[in-house]
Amino acid sequence: MADTAFTNATQILEPFKGVKKVTIEEYFTSGHRTCQGCESALVMKLMVKAAGPRTIVLGSTGCMYVANTTYYTTPWVVPWMHTQLGSSGSAALGTAAGLKALMKKGKMKSEPINVIAFCGDGGGADMGLGAISATLTHKEYNSLILLYDNESYANTDIQLSGSTPYGANTTFSPPGSVKRLIHTRWKKNTAGMLAAGHTECRYVATVCASYAVEMMNKVRKALTIGGPTFIHSLDPCPKGWDYDPMLSHELGELAVETGIFPLYEVENGVVRHYGKTKAIVEGRPRKPVREYLLKQGRFAHFTEEDLGYFQSKVDEMWDKWEIPGVIPFWKERPGAK
Amino acid sequence: MAVETKPAGAVADHKEMLISGSEACAEALTLADLDVVTAYPIRPYDTVMQAIAKKIANGHLEAEYIVAEGEHSQFEIVKHASTVGARVFCGSSGVGWMYAMECLTVTPPLRVPMVCMVGNRALDDPGAFGVEHNDALVVRDLGWLLIWVDTAQEMLDTTLLAYRIAEDRRVFLPIAISADGAFLTHSQTICQVPSRALVDKFLPRYDRGDLLLHPDNPITVAPQANEDWVIEIRRQNDEAMKRATAVIDEAYADFRKVMGRGPENPWFEEYMTEDAEIILIGMGTISLPMKVGIRNMRAQGKKVGLIRPRWFRPFPTERLVKALSKASAIGVIDRDYSFGSPFNSGVVANEIRAAMYNADKRPPLLSFICGLGGREVTLEDVAKAADMCYAAAKAGKSDPKTHWLGVRE
C-alpha cells in the first residue's frame with residue numbers, strides 16, 4: 001500500500017536574482033475583470049508566476065474570486081478552485097492532505113505540488129482567522145496561505161474589516177455631521193500574530209507588490225521551506241482607498257516608508273526586516289504618515305488631531321515594540337509609572 | 001470497544017463482531033480504504049471518530065486523520081481533499097452540523113461525493129444529547145442524499161453502499177447517513193463484517209475523472225456564474241438526484257449479489273404490512289418500540305404494520321405511494337418538528353401528504369410528533385397512534401391536526 005518513494009518533499013524554487021531573471025511564463029493571464037490599478041490582481045499574477053505550473057490555487061470569496069473567475073473567462077492557467085470566505089486555511093489543508101494521502105498510498109503519482117490558498121483581509125484577518133491558525137499548526141502538510149489585504153471588504157462595496165486602518169471612511173464607517181469617526185479600532189497585526197502564535201510554522205512574511213521581485217522570492221521561499229506558511233500582502237485599492245489608479249505602486253511604497261506596513265519575514269523563528277523597512281530599523285527616518293494618508297480619499301475627513309493620533313500609534317510600533325513592526329509588548333522601564 | 005465474536009453464525013466471507021453503530025461505520029470505512037477524515041467533538045456522532053482514531057493508531061487504516069478547529073473547517077477540509085481525488089469521511093451532530101451549514105450548502109453543487117454520518121441530536125437550546133431528526137433534515141432541499149439507518153448492521157452496509165452510490169459518476173453528490181444518537185451510535189449488536197476481498201469486489205476506486213483538481217487537469221472550479229448559468233447548474237444537480245434512484249437500486253442489487261445478503265427493497269423496510277389495515281411510519285430506531293407495539297396489537301387482532309423509510313432523499317415517492325395506498329389509514333410518527341408548517345406537522349408527515357396528493361387512493365393520514373430530545377417512545381404511544389388511525393379509517397377521513405404523543409400538556 002504505502003509507496004516508499006513518497007517523501008513529502010516540496011519543489012525547490014530558487015530566488016529570482018533580479019527582475020531580468022524572472023521567468024517569462026504567466027499562469028494568471030487575461031480573462032479577469034478587476035479594476036484599473038488593482039494591486040491584488042498583480043499579486044495573483046506574481047504569486048503564481050513565482051510558484052510555477054505544478055501548482056493548485058484555492059481562492060476564498062472576495063474580489064479575487066468574484067472579479068477574477070467569471071464563468072467561461074477564467075484567467076487561471078493552473079488548476080483553481082473557489083473556497084468559502086472563511087475557508088482559505090481549510091482549503092489549503094484539505095487539498096494538501098488529499099494529495100498527501102493519495103501519494104503516500106500509491107493512488108497518485110508522487111510529486112511535489114504547490115498548494116496555495118489566498119484570502120482577502122475579510123476572509124483572512126476576520127472570518128477565516130481560526131482556520132488559518134489551525135492550518136499553521138499542521139506541520140506535515142505543505143501549503144501557503146496568502147492574504148491579500150486591500151483593507152476592506154472591497155468586493156461587497158467597501159465595508160470595514162478588522163484590517164481597515166483607524167478612522168477610514170468605508171460604507172460601514174461613513175463620516176457624518178455629528179460623528180466624524182465611526183471606525184475607531186486599530187488594524188490587526190495579522191502576520192505578527194500568526195508568526196508569534198504558531199511556533200512550528202516555518203515561514204511568515206509580509207510583502208507589497210510595489211517590490212515585486214522581493215514579493216515573488218518570498219512566495220518561492222514559503223513554498224520551498226515546507227509545512228504550512230503564511231504571507232500577508234498589502235494591496236493598495238483605488239476603489240476602496242479613493243485615489244487615482246496610477247498611484248497604486250507609490251502608495252504601496254509610502255505605506256512601507258512611513259513605517260505603517262513593515263516588510264519582514266520570520267523564517268524558522270528568525271526575524272529579518274527587508275528593504276526600506278530594514279533601513280528604518282537601522283535608523284533612517286520614517287516619512288510622516290500624513291504623506292500616505294492624505295493621498296487617499298478615505299482619510300479626507302481626518303483632522304490634525306486624527307493625523308496626530310495615527311502618527312503616535314505608528315511611532316509606538318517602532319519606538320516601543322519588543323520587535324519593531326512585528327511583535328508588540330514592551331518591557332517595563334525602570335522609573336516608569 | 002469492538003469485540004470479535006465466535007464466527008459460528010457468520011455469512012460466507014464475513015466475520016461476526018459485537019459493535020455499536022459508530023463502530024460499525026468505522027469498520028466499513030476501514031474496509032473502504034478511506035483516505036482523509038476530519039474530526040471535531042460533539043456527542044453522539046463523535047464515537048465514530050474515536051473508533052477511526054483507534055483504527056489508525058492500530059495500523060488497520062492508513063488515512064490522513066485531521067482534528068479540525070470547528071465543524072466549518074471539518075467539512076471544508078474533506079471537501080477540498082475530495083476534489084483532488086481522495087475518498088473522504090466526515091460527520092457531526094445537532095448544532096455541530098449547523099455550524100458547518102455553509103459548507104453543507106456548497107458540497108452538492110461542487111459535486112463532491114462526501115460521505116458523512118449524522119448522529120442525530122436535538123438542536124440547542126435547551127441542551128439535550130438525545131435524538132431528534134431536525135439536524136440532518138435541514139439539508140433536505142440542498143442536494144444531499146439522506147438515509148436513516150436502524151441497526152449497526154445497516155450502518156455498516158449503508159456506509160459501503162454510500163460510497164458506491166455517491167462516487168458513481170452519474171450521481172457525484174454527498175450522502176449523509178443518519179443514526180439516532182445513543183440508541184444506535186452507542187448500542188452494540190452483533191454484525192456481519194464482510195472481508196476486504198468482498199468489499200473490493202463491490203466498491204470500485206473513487207475516480208474523479210475530468211473533475212479532478214490537479215496540475216495535469218488545470219480546470220477552474222466553481223467560478224462566479226450568476227444569472228447566466230446558475231439555473232442550468234441547479235438543473236444538473238436535479239438531474240443527478242433523479243439519476244440517483246436507479247443507481248441506488250443497482251448498488252443494492254449488486255450488494256446482495258456480492259455479499260449474499262442485504263435488503264431487497266433499498267428504500268424502506270416493511271414490517272407486517274402485507275395484510276395491514278393501519279400502516280404506521282417512522283424513521284430510525286423508533287422502529288423498535290413500533291415493532292413491539294405492533295406485535296402486541298396483532299395479538300389483540302389489530303392488523304397494524306410498519307413502514308420504516310430508509311432513503312429520504314431521493315424520496316421514493318411512487319414506491320411509497322404504492323405501498324401506502326393499500327392501507328385503510330396511515331399514521332406518521334415524526335421524531336422532528338416543522339413549526340408553522342401545513343397542519344403544524346412533522347417533516348415526514350408533510351412529505352408523505354405531498355407524495356399522496358396525486359394518488360388514486362388516499363387513505364386518511366394522521367400526523368404524530370413523539371420522542372423529541374431522545375424521549376422514550378413507549379408502547380402506549382404506539383398503541384394510541386394506531387387506535388386513532390383505526391378511528392380515522394372507520395370515519396373514512398382524518399382531522400389534519402397534528403397529535404403530540406407522550407408530552408406533558
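**View 1. Where helices α7(B) and α9(B) meet.** In this close-up, B:Asp157, B:Leu161, B:Arg164 and B:Ile165 of α7(B) touch B:Ala244, B:Val247, B:Ile248, B:Ala251, B:Tyr252 and B:Phe255 of α9(B). Contact here means that the C-beta atoms of two residues, placed from the backbone, lie within 7 Å. By class, the residues of this contact are 8 nonpolar, no polar and 2 charged. Ala, Val, Leu, Ile, Met, Phe, Trp, Tyr, Cys and Pro count as nonpolar, Asp, Glu, Lys and Arg as charged, and the others, Gly among them, as polar.

A word on what you are looking at: the model is predicted, with local features needing pLDDT of at least 70 and side-chain atom pairs counting only at pLDDT 80 or more, while totals for chains, interfaces and linings use all residues. Residues are numbered from 1 along each chain as its sequence is written, and chains are lettered from A and ligands numbered from 1 in the order in which they are written.

**View 2. How the two helices cross.** Helix α7 (residues 152-166) and helix α9 (residues 226-259) of chain B pack at an angle of about 130°, their axes 10 Å apart. That makes α7(B) oblique to α9(B). Angles under 35 degrees count as roughly parallel, over 145 as roughly antiparallel, 65 to 115 as roughly perpendicular and the rest as oblique. Axes are lines fitted to C-alpha atoms, for helices over the stretch in contact, with angles from 0 to 180 degrees between N-to-C directions. Helices (H or I, at least four residues) and strands (E, at least two) are DSSP runs, numbered from the N terminus.

**View 3. Domain 1 against domain 2 in chain B.** An automatic or database domain assignment sets the bounds, giving chain B domain 1 (3-259) and domain 2 (268-404). Here 28 residues of domain 1 of chain B contact 19 residues of domain 2 of chain B. On the domain 1 side, α6 (134-137), β7 (145-148), β8 (175-180) and α9 of chain B each supply at least two residues. That side divides into 17 nonpolar, 7 polar and 4 charged residues.

**View 4. Chain B meets chain A.** The contact draws 39 residues from chain B and 42 residues from chain A. On the chain B side, α3(B) gives the largest share, 10 residues.

View 5. Look for A:Met81 opposite B:Val221 in β10(B).

Key:
Pairing = 2+ DSSP bridges.
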